[in-house]
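Here is a brief report on packing, rings and strand pairing. Read it alongside the model.

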Amino acid sequence: LARGFPTTPINGFPNDLSLSDAYCFQTKLINALRPRLGAPVGYKVGLSGQATQRRFGVSKPVTGVLLDGMFVANGATLSNDFAHRPMIEPDLMVVVKDERIMAATTHLEVAAALETLHACIELPGLQFGEKEKVTGAKLAALNVAAVHMVVGPGVPVKPNQAFVSAVGNMMTVFENAKGQVIQEAPAANLMGHPFEVVLWLVKDFKTRGLTLKTGDRISLGSVGKLFPVMPAEQTYIYSLEGLPNGPTRVSVKFHGTMASPPRPAGE
């Protein structure tokens, strides 16, 4: 699987794969990918919504590991066949200030332990064969489909209620270069407040004996839908609106090399 990452489709995972076995497999996969993609620099949370959890047969979110080589520059141009079944996902990312995050129990305590907040476009790849049933455990085994992350400028996180409220109330706008809006979605889609995802991650890591540390990057998950990357050349722009310092944005461009459009997620 590591040799074929992320373009070779795989089949054969047992449909009754447990989440604990999935994380064991994920650890082995990450170790095999490190010579190509570098050291772990953070984590991603997937399936944070109850609807997607039901769809993929899990009762809670799942986590993956982010490797240094997965990150590409803001405004980068990529091939649109960067992965098998390539997708694009409007996301949010935060960077941990210090290990006080592991003691956080409120949104204000989360804010005090974070350094920056970023608009983030995740570019996952669903590296499953067309006949493979996709489950939450299988997604966890495949590192929650992490391939590329495009991260915008950091907004300093302020440890006060005004900033926490602004994060909870901000809107996200995903559009193309012509200004055509593809999706508008509230950040509150992330478990009611983006910082709630961080609190969930802290609790989950404590049960698994893991610790967040200074500098860790955390992808908080999709604020709305995942979209298939289309064959034509296209530029996507993703903005966070409603923060105290004004909008912040990130962009990515694809050049058209794909022979045919990918199948939508879940089909």
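Met 171 has Pro 186 in S10 as its bridge partner. The strand that pairs with S10 is S9 (residues 171–176); the two run antiparallel and are joined by five bridges. Strands pair here if DSSP finds at least two bridges between them. Strands are DSSP E runs of at least two residues, helices are H or I runs of at least four, and both are numbered from the N terminus.

This is a predicted model: local features need pLDDT of at least 70, side-chain atom pairs need 80 or more, and totals for chains, interfaces and linings use all residues. Numbering starts from 1 along each chain as its sequence is written, and side-chain values use heavy atoms, without hydrogens or water.

**Sheet**

S9 and S10 belong to an open sheet of five strands, ordered S4-S14-S13-S9-S10, with mixed pairing. Strand S4 (77–79) and strand S10 (181–186) are at the edges; each has a single partner strand, so one side of each lacks a neighbour in the sheet. From one strand to the next, the twist averages 20°.

**Cores**

The largest nonpolar core has 70 residues, and Ile 88 and Ile 101 touch the most other members. Such a core is a set of buried Ala, Val, Leu, Ile, Met, Phe, Trp, Tyr and Cys residues joined through side-chain atoms within 4.5 Å. Helix H6 (residues 194–208) supplies the largest share of this core, eight residues. A separate core holds 19 residues, including Ile 10, Val 62, Leu 126 and Val 144.

Beyond neighbours within four places in sequence, Ile 101 is in contact with Val 96, Val 110, Ala 113, Leu 114, Val 198, Val 202 and Leu 212. Contact means heavy atoms within 4.5 Å.

**Rings**

There are seven aromatic pairs. Rings of Phe, Tyr and Trp (its six-membered ring) pair if their centres lie within 6.5 Å; planes under 30 degrees apart are stacked, over 60 edge-to-face, and the rest tilted. Phe 13 and Phe 25 pair edge-to-face, at 5.2 Å centre to centre and 75° between the planes. Phe 13 lies in the segment before helix H1 (19–37) and Phe 25 in helix H1, 12 residues apart.

Ring pairs also link Phe 82, Phe 174, Phe 227, Tyr 236, Tyr 238 and Phe 254 into a cluster.

| Charge | Ring | Distance to ring centre |
|---|---|---|
| Arg 208 | Tyr 23 | 3.8 Å |
| Arg 217 | Phe 71 | 4.4 Å |

Conventions
Buried < 20%, exposed > 50% of the residue type's maximum accessible area, 1.4 Å probe, protein only. Lys NZ or Arg CZ within 6 Å of the ring centre and 35° of its normal. Axes fitted to C-alpha atoms, helices over the stretch in contact; angles between N-to-C directions.
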